[in-house]
Amino acid sequence: PIVATRDVTAIRALCDGCDPARPCDEHTQRATLWLLSRGAFELRDAAGRHLIDPTRAIAMPNRHAFQIRHPAGPDTCLSFRGPIVEALTARGAQLLPVSAAQTARIMAALADPDELALAEALADLAPPDADRHGHDARHRDDAGCRGASTRPAAVSDRDLSAAIADAVRARFAEPTSLGELAEFAGYSVFHTCRVFRAGTGFTIHGFRRELRLRH
């Protein structure tokens, strides 16, 4: 384990690349996202054969069945778990393209752990059609975002960005999880991140960092 936050737990795994004569049937024990920092491996599941390398990650729900082979030899893998990954796998296993910039953001967040930065970096991997609404869009008050009030379910992107900005301004010095902010907004973490970045030009973590520097 290298990082553990409310949104994400990150584990680094080193694989020697040695396979048995017959591949073993394995199952995830919880929702899991695998991102390779070095090497490649072949994963087979009900959807077919997938080659996983540093250019794409695979997100698998709990109890997902798979087999792995290592035609390229040893690899170094980052395994992520937690609420962000559970949201990513809500609709089943997914192959996720990973750009060099996305990898750099994830590595930077791991090197200098900040729970909001890491959660946002992983949420950025979600496909564009990721669920707009969170699991509970009733906008109930959240103890983690004090002062949250009940608001209509449909709000404009500008109003959503402003609400998140105000929540961050009010608690700029406190640790804040992405899950708390998304629940406050009543939307999925993926929609919340995209709308805020489109409306302000900042990631939520970048906006908070700028606030802290100004203070």
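## Salt bridges and a covered helix

The structure holds 10 salt bridges. Keep in mind as you explore that this is a predicted model. Side chains of opposite charge can pair when their charged atoms come close. Here are some of these pairs:

| Salt bridge | Closest N to O distance |
|---|---|
| Arg-105 and Asp-124 | 3.5 Å |

Let's see where the partners sit. Asp-114 lies in the loop between H2 and H3, while Arg-208 belongs to helix H7, so this pair ties together parts that are 94 residues apart in sequence. Both Asp-114 and Arg-208 are buried. There is also a network, in which salt bridges with shared partners join Arg-6, Glu-115, Arg-171, Glu-174 and Glu-180. As for Glu-42, it is buried, with a relative accessible area of 11%, whereas Arg-105 is partly exposed at 26% relative accessibility.

Glu-180 leads us to helix H5, where it is one of the buried residues. H5 spans residues 178-185 and is mostly covered, with six of its eight residues buried. What do the buried residues of H5 pack against? Their neighbours are helices H1, H3, H4, H6 and H7. Just after H5 comes Gly-186, which takes a positive phi of about 85°.

Two of those neighbours also meet each other. H4 and H6 pack at an angle of about 95°, and their axes are 9 Å apart. That makes H4 roughly perpendicular to H6. Among the residues in this contact are Leu-160 and Ile-164 from H4, which join a meeting with residues of H6 including Val-195 and Phe-196. The contact's residues divide into five nonpolar, five polar and one charged.

Notes:
Residues are numbered from 1 along each chain as its sequence is written. This is a predicted model: local features need pLDDT of at least 70, side-chain atom pairs count only at pLDDT 80 or more; totals for chains, interfaces and linings use all residues. Side-chain values use heavy atoms; hydrogens and water are left out. Buried means under 20% relative accessible area, exposed over 50%, partly exposed in between (1.4 Å probe, protein chains only). Helices (H or I, at least four residues) and strands (E, at least two) are DSSP runs, numbered from the N terminus. Contact means heavy atoms within 4.5 Å. Axes are lines fitted to C-alpha atoms, for helices over the stretch in contact, and angles run from 0 to 180 degrees between N-to-C directions. Angles under 35 degrees count as roughly parallel, over 145 as roughly antiparallel, 65 to 115 as roughly perpendicular and the rest as oblique. Ala, Val, Leu, Ile, Met, Phe, Trp, Tyr, Cys and Pro count as nonpolar, Asp, Glu, Lys and Arg as charged, and the others, Gly among them, as polar. A salt bridge is a side-chain nitrogen of Lys or Arg within 4 Å of a carboxyl oxygen of Asp or Glu.
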